[in-house]
Amino acid sequence: MKPNRIYQATVEALESALAPRVVSLVLREGLTKAGRAPADMALEDVETVLTEFAFRHLQTLMPGEQARSAVTAFRERITAQAAGRAEEQLAPVDHGEPAATDADARSRELVDAGDAAGEDRHAATRARIDALRAALRPFNLYFDWPEVRKLRALIQVAEQESSAGRDATASLGEAADQLQLVEQKLEDQLVLQARELGELEESLEIVTSLGGPRVRRLEALIGQIRQAQRDRELAEGEVQRAASLARDLRKLMETSVAVPAAGRASEPTPVGGPAEVGSADDELAPVSIDAALLTPEASERLRRLDVDAERKQLDALETHHAELLRYLPSLTGRFWAARAELDHERTLGGELEALRRALDDATSTQRTHLRQELEALSEQLGELGEEDAGLERAVTVALDVLQEGLPPFADVIALRERQRSAVERAEERSRREADVRAHQAARRRQQRAVLERLVQASERDPGADTYGLVAPRQALHAALEAVRAAEAEDRLDDRAVEQAQHVEQRWEHALAERADGDQERLHARLRELGARLTALPDLPALRARTVVLRREVADALDREGLSDAHAVALSSLIDQLHADAVTEHARQLDALGKQAGEVSSTSILRALQNAARQLEAGRFSDLSQLRELVAEERERARERDQARWQRLQHAHARLESAGVPGLPALAQALDEARDALGGNGLADRALLGAEAALELVEAQLRDRLERFGPRLDAALATFEQVERLNNDDVATVRRVLTHLDSQRAALSRVSPGLQHQLERALAGSERLLERLAKAYEATRAVADQLVAGNLLDDMLAGFDALDAEPADDGVGSDAGSNARSNVRSNAAEERERTGDPGMARDAPLQALLAELRDLDDVVAAAVIGADGAVRAGDLGSLDATPLLAALRDAAHSWDSLAEPLGDAPELVELVLGEAHALLAPLGHGSQALVMVRSGGAISALSGRLRRQRQALADALAPS
């Protein structure tokens with residue numbers, strides 16, 4: 001068959017960006033998956049073709065964001081072309097209009113009058129739908145988000161409802177709420193992207209000195225991410241490529257084996273040769289580093305980079321599959337195991353990729369199970385006769401979302417609850433309908449029995465105008481005609497039946513009083529007692545006694561020679577039964593009143609009050625009808641409670657990761673409400689508790705937002721004081737506080753879960769700042785001691801000597817470097833000339849210290865023994881004795897210095913004017929001392945010294 005116009009429009013759109021061969025492949029794959037042919041391709045198939053197949057090829061030709069924009073443009077173009085051509089095909093043909101008759105005119109007037117009221121509502125609905133579509137348009141870039149797909153499905157459902165003339169208010173309200181979630185997710189992702197951008201910029205600063213096309217490529221990627229951030233768009237592909245490239249460059253930097261020559265911007269060559277594949281300008285070309293040629297320290301640094309990268313990948317994987325983990329919590333164990341390996345500084349290797357494949361397989365399996373469940377539920381809705389449009393809408397939306405990913409777990413839980421409630425309502429409805437049918441059959445039998453008794457009673461009419469029988473006779477004939485008319489019309493007339501029962505009693509009583517003989521009077525009395533029994537309500541608690549008394553009355557009527565005593569006894573028993581019936585009837589009215597009070601129905605309470613007044617007047621109301629009214633109102637109340645529970649459950653799911661103290665109380669109240677609803681009861685009290693708990697949670701969130709700004713300002717002020725320490729902790733705090741400060745305005749727009757993450761980041765920075773402040777005070781105490789003893793100038797004199805440059809021409813930097821090297825090696829050369837026997841023993845220490853001395857801005861590196869003598873390395877012209885003496889005076893031991901810091905320090909940094917000193921304890925009173933010209937190199941140096949501290953201590957220990 002010939003391809004339809006949608007297929008042709010899709011071909012035209014895709015061939016504007018892809019080769020015809022690729023377009024053919026894409027369409028073939030997409031239609032095969034959808035089970036369609038080119039002749040019957042539909043608009044929903046276009047979505048599959050574009051998002052699952054075309055997008056993959058577009059990503060190879062352009063950046064990720066441009067590919068997303070292209071997919072969005074293609075979708076709009078194809079939809080517009082298909083709609084335009086469909087209108088051409090469906091345009092009406094004018095065959096001439098027949099003259100309208102008067103009946104047609106009147107009919108048209110009635111239709112216009114009926115439609116006038118709905119015209120405004122329809123226009124308002126269309127306007128809301130158009131507004132939602134306009135709000136959705138920017139998010140078409142993120143068509144792979146389940147939240148966006150759900151929003152699109154809700155808008156489509158609303159449009160279908162509006163087109164069918166149904167009320168779309170509920171769908172539009174849910175779509176508006178979903179739009180807020182989508183906007184919130186974009187805010188979250190922008191904040192996280194800003195954090196990634198800050199980390200990438202920090203990495204760029206570290207690797208800039210390498211130069212070469214890879215660094216330029218990293219700069220370009222960061223520029224694209226920075227521009228996307230300014231445009232409030234996500235650049236996920238660029239972030240991933242930049243992170244991978246930055247990690248490769250950091251590896252090159254950390255190996256310290258390939259530094260470009262001065263003034264040359266060439267690609268550094270890693271150990272083991274050039275990149276394996278691709279050109280130098282291709283950031284995807286892997287960096288090949290021969291681990292066998294690296295020192296253990298360099299291998300350790302590379303391993304740490306891999307561990308950090310895998311930790312970020314694991315976190316990203318957990319975030320990406322967060323919805324799956326809600327469906328299958330058992331999978332979190334694999335994340336715990338992987339994270340434990342990373343916490344022990346062990347790389348995951350192939351385990352990360354295996355975990356990714358396992359999660360993808362689990363997602364596919366879970367989607368299959370959900371699809372089967374939802375399709376079965378969709379079929380069940382028709383069997384249940386369910387009129388809940390919300391449930392039908394939820395199933396439709398969930399199936400739409402399921403085409404691309406997993407629907408939110410909270411939505412599925414709510415849907416299952418609604419299904420269970422629908423089944424319960426259907427069962428309850430069937431039971432009530434059966435009860436109603438049985439009750440109607442009983443009323444039908446009762447009405448016919450009353451008619452038969454009235455006919456028999458009328459046949460016992462004496463016929464003469466006996467004194468006192470005129471009024472009862474007239475009432476009897478009127479009641480008889482009323483009941484006979486109801487039967488003739490095949491309808492139930494409870495009022496006529498009730499009136500007939502009272503008339504029958506009065507008639508039999510009147511006949512009994514005017515009977516001539518004793519037996520005739522007793523029979524009339526017994527018939528009156530039978531009429532009283534018939535007028536009693538059918539109460540289960542009294543049913544057996546009523547049946548027995550009816551049988552005795554019937555037997556007495558058939559018996560000859562009945563005594564007055566027997567009739568009196570039967571009358572007494574019937575009087576007691578009547579009194580018990582009044583009591584039981586009142587008790588059941590009270591029970592129904594309590595149920596009506598639970599549902600807060602004033603109409604039912606009024607009906608029950610009227611029934612109570614009738615009972616006081618000696619008349620019994622129909623309890624079955626009252627029970628039916630209470631059951632219907634109770635069902636409506638349960639539906640309202642179910643809707644409230646679902647709303648609160650959605651709120652809890654949104655706030656579940658908010659990290660505020662009120663969440664456990666909210667979860668407990670929701671569990672209580674669910675249990676109450678599951679027991680076919682009402683949950684108003686539990687839901688009131690849940691609503692109060694939700695208000696408390698929201699108040700706690702507002703309080704956290706209000707306190708965040710002042711806390712951040714205080715942290716920034718503290719950071720200004722300790723920033724001079726310039727160690728790893730300072731770098732961490734700087735990065736976190738800079739990110740938090742830049743995203744201060746977005747804090748109120750992000751999700752509660754991300755607010756919690758940012759608040760935790762701030763709390764962690766506050767703890768680090770407290771530690772840094774204590775460390776800064778401790779180092780100031782040492783520096784003050786040096787100043788007080790006039791020792792600082794003597795120590796810094798060595799720095800001044802190193803700063804002096806010889807008056808050579810053109811080689812000042814090299815001469816200065818040679819001077820530093822000469823000063824550093826004086827002591828070592830002296831020991832070598834004198835044949836110090838400790839040289840061989842201290843060779844490992846010398847090798848470790850040599851790595852530190854070779855770093856930029858390092859003036860001296862040495863190990864100082866407990867006696868103050870240089871154990872290894874050299875200090876050049878610097879004298880460590882005053883420094884160590886000042887340390888002993890300012891802090892008697894490392895333990896006393898640890899007291900203000902909170903725990904034993906691995907490293908202490910001393911700020912000595914423009915210079916810095918790093919001290920690390922090595923045990924047995926020995927210290928590693930590194931003198932640095934300025935604070936610029938402290939951050940990298942402190943991390944290296946912290947990692948090498950144990951190696952220095954091991955090398956220092958006696959063999």
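Helices (H or I, at least four residues) and strands (E, at least two) are DSSP runs, numbered from the N terminus. The structure is a predicted model, in which local features need pLDDT of at least 70, side-chain atom pairs count only at pLDDT 80 or more, and totals for chains, interfaces and linings use all residues. Residues are numbered from 1 along each chain as its sequence is written, and side-chain values use heavy atoms, with hydrogens and water left out.

**Exercise 1. Describe the surroundings of Gln-755.**

Solution.

Step 1. Locate the residue: Gln-755 belongs to helix α26 (residues 752-788).

Step 2. Determine its exposure. Buried means under 20% relative accessible area, exposed over 50%, and partly exposed in between (1.4 Å probe, protein chains only). Gln-755 has a relative accessible area of 6%, and therefore it is buried.

Step 3. List the polar contacts. A polar contact is a pair of N or O atoms within 3.5 Å; within protein, one must be able to donate a hydrogen and the other to accept it, and residues adjacent in sequence count only if both atoms are side-chain atoms. A polar atom of the Gln-755 side chain lies 3.2 Å from the backbone oxygen of Leu-747. The side chain of Gln-755 also reaches the backbone oxygen of Val-750, at 3.4 Å.

Step 4. List the contacts, where contact means heavy atoms within 4.5 Å. When neighbours within four places in sequence are left aside, Gln-755 is in contact with Leu-701, Arg-704, Leu-705, Leu-747, Ser-748 and Val-750.

**Exercise 2. Repeat the analysis for Gln-193 in helix α7.**

Solution.

Step 1. Helix α7 covers residues 169-207, and Gln-193 lies in it.

Step 2. The relative accessible area of Gln-193 is 5%, so the residue is buried.

Step 3. A polar atom of the Gln-193 side chain is 3.0 Å from the backbone oxygen of Glu-233.

Step 4. Beyond its neighbours within four places in sequence, Gln-193 is in contact with Ile-225, Ala-228, Gln-229, Glu-233, Leu-234, Ala-235 and Val-239.

**Exercise 3. Which strands pair with β1, and over how many bridges?**

Solution.

Step 1. Apply the criterion: two strands pair if DSSP finds at least two bridges between them.

Step 2. Strand β1 (residues 858-864) and strand β5 (residues 926-932) pair in the antiparallel sense over six bridges. Four bridges join β1 to strand β2 (residues 870-874), and these two strands also run antiparallel.

Step 3. Follow single residues. Ala-862 has Leu-929 as its bridge partner in β5, and it stands opposite Gly-873 in β2. Ala-861 has Val-930 as its bridge partner in β5.

Step 4. Examine burial. Seven of the seven residues of β1 are buried, so β1 is largely enclosed by the rest of the structure. Seven of the seven residues of β5 are buried, so β5 is likewise largely enclosed by the rest of the structure.

Step 5. Consider the faces. In a regular strand the side chains alternate between the two faces of the sheet. In β5, both faces are covered: Ser-926, Ala-928, Val-930 and Val-932 are buried on one side, and Gln-927, Leu-929 and Met-931 on the other.

**Exercise 4. Examine the length of helices α6 and α24, and the bends in α24 and α3.**

Solution.

Step 1. State the rule: the expected span of a helix is 1.5 Å times one less than its number of residues.

Step 2. Helix α6 (residues 146-163) has 18 residues; the distance from its first C-alpha to its last is 26 Å, close to the expected 26 Å.

Step 3. Helix α24 (residues 684-722) has 39 residues and should span 57 Å; its end C-alpha atoms are 55 Å apart, which agrees.

Step 4. The bend at a residue is the angle between axes fitted to the seven residues ending there and the seven starting there. Helix α24 bends by about 30° at Phe-708, and Pro-710 follows within four residues. Helix α3 (residues 43-58) bends by about 35° at Leu-50.

Step 5. Of the 16 residues of α3, 12 are buried, so α3 is largely enclosed by the rest of the structure. Among them are Leu-50, Phe-53 and Phe-55.

**Exercise 5. Summarise the chain as a whole.**

Solution.

Step 1. The chain contains 33 helices and five strands.

Step 2. Of its 959 residues, 42% are buried.

Step 3. Among contacts between residues at least 6 apart in sequence, 72% join residues at least 24 apart.
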